[in-house]
Amino acid sequence: MGLRFILGPAGSGKTWTCLEEMRQELKKDPLGAPLLLLVPEQATFQMEYALLSDSELEGSVRAGVWSFKRLSWKILEEQGELK
């Protein structure tokens, strides 16, 4: 599992780079390791839509667009803190 930060000023192509790399990975290996795009809460639907708007993608089982809140809930759930 790897973690990668893409940093830069507004308009430098960070979002496009993230989405394009995820699309390429999904096309290359649809059932591979999970891919997670972490975005602010208000951007989750927009990013999911942008990611899946590629007509060449046949599925997205391994792709996820999560907010920071969703990630924190998942961590607490897996650590047994939520019951």
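Helices (H or I, at least four residues) and strands (E, at least two) are DSSP runs, numbered from the N terminus. The model on screen is predicted: local features need pLDDT of at least 70, side-chain atom pairs count only at pLDDT 80 or more, and totals for chains, interfaces and linings use all residues. Residues are numbered from 1 along each chain as its sequence is written, and side-chain values use heavy atoms, with hydrogens and water left out.

**Whole chain**

Start with the cartoon view. The protein has three helices and two strands, and from the N terminus on they follow the order α-β-α-β-α. Along the principal axes, the C-alpha atoms fill a box of roughly 40 × 35 × 25 Å. Of the 83 residues, 22% are buried (under 20% relative accessible area; exposed is over 50%, partly exposed in between, with a 1.4 Å probe and protein chains only).

**Stop 1: Arg23**

Select Arg23 in helix H1, residues 14-28. Is Arg23 buried or exposed? Arg23 is buried, because its relative accessible area is 11%. Now show what surrounds Arg23. Beyond its neighbours within four places in sequence, Arg23 is in contact (heavy atoms within 4.5 Å) with Ala50, Leu51, Ser53, Asp54 and Leu57. Leu57 is 34 residues from Arg23 along the chain, and their C-alpha atoms are 7.4 Å apart. The side chains of Arg23 and Glu20 make a polar contact at 3.3 Å. A polar contact is a pair of N or O atoms within 3.5 Å; within protein, one must be able to donate a hydrogen and the other to accept it, and residues adjacent in sequence count only if both atoms are side-chain atoms.

**Stop 2: Asp54**

Asp54 counts as buried because its relative accessibility is 18%. Not counting residues up to four places away in sequence, Asp54 touches Arg23 and Lys27. With Lys27 there is a polar contact, side chain to side chain, at 2.9 Å. A polar atom of the Asp54 side chain also lies 2.9 Å from the backbone nitrogen of Glu56.

**Stop 3: Leu26**

Return to helix H1 and select Leu26. Leu26 is buried, because its relative accessibility is 2%. Its contacts, leaving aside neighbours within four places in sequence, are Leu35, Leu51, Leu57, Arg62 and Ala63. For a distance check, pick Pro40: Leu26 and Pro40 are 14 residues apart in sequence and 22 Å apart in space, C-alpha to C-alpha.

**Stop 4: Ser67**

Select Ser67 in strand S2. Ser67 has a relative accessible area of 5% and is therefore buried. Outside four places in sequence, Ser67 is in contact with Leu38, Val39, Pro40, Glu41 and Thr44.

**Stop 5: the lining of the largest pocket**

Which residues that line the largest pocket are closest to its centre? Select Leu3, Arg4, Leu36, Leu37 and Leu38, out of 34 lining residues. Lining residues have an atom within 4 Å of a point of the pocket, which is an open set on a 1 Å grid over the protein atoms alone, where a 1.4 Å probe fits, with protein on both sides within 12 Å along at least five of seven lines. H1, strand S1 (35-39), strand S2 (63-67) and helix H3 (68-78) each supply at least two lining residues. H1 gives the most, with seven residues.
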